[in-house]
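Here is my notebook page for this structure.

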Amino acid sequence: MMSKCANPSCTSVFRYLRDGKLFQVPAGDSAKFNGPEIPGMVKPLARDEFFWLCGDCSKDLTIVVDPVDGVRTVPRNQTQRALRAAG
């Protein structure tokens, strides 16, 4: 559960959805079943993860999913560059 802004250098505490921006990110491999296939076994559902940027941080930052670094914040004007580098 999120409790603070996703910006590591920010100390804003999550209190209201109306302040800032909420991001829904599909759960990574850690949420998937990695054991052997067993016939008839029901795999646990992967749950999405939520990240929040406070109002001040969301003006200048956004969240991207990097296959190497995972979820991270980047300046809004560098979003396309960050996505191209990750792909």
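How many aromatic pairs does a search of the whole structure find? I found one. I worked on a predicted model, where local features need pLDDT of at least 70, side-chain atom pairs count only at pLDDT 80 or more, and totals for chains, interfaces and linings use all residues. Residues are numbered from 1 along each chain as its sequence is written, and side-chain values use heavy atoms, leaving out hydrogens and water.

**Rings.** The ring centres of F14 and W52 lie 5.1 Å apart with planes at 75°, so I logged the pair as edge-to-face. For the rings of Phe, Tyr and Trp (its six-membered ring), a pair needs centres within 6.5 Å; planes under 30 degrees apart are stacked, over 60 edge-to-face, and the rest tilted. F14 sits in the segment before β1 (21–25) and W52 in strand β2 (residues 49–53), 38 residues apart. Strands are DSSP runs of E, at least two residues, numbered from the N terminus.

**Burial.** W52 has a relative accessible area of 2%, so I marked W52 as buried. Buried means under 20%, exposed over 50%, and partly exposed in between (1.4 Å probe, protein chains only). D66, in strand β3, is also buried, at 9%. A polar atom of the D66 side chain lies 2.7 Å from the backbone nitrogen of V68.

**Neighbours of I63.** Leaving aside neighbours within four places in sequence, I listed the contacts of I63 (heavy atoms within 4.5 Å). I63 touches A6, F23, F51, L53, V71, R72 and T73.

Notes. Helix = DSSP H or I, 4+ residues; strand = E, 2+ residues; numbered from the N terminus. Polar contact = N/O pair within 3.5 Å; in protein donor to acceptor, adjacent residues only side chain to side chain.
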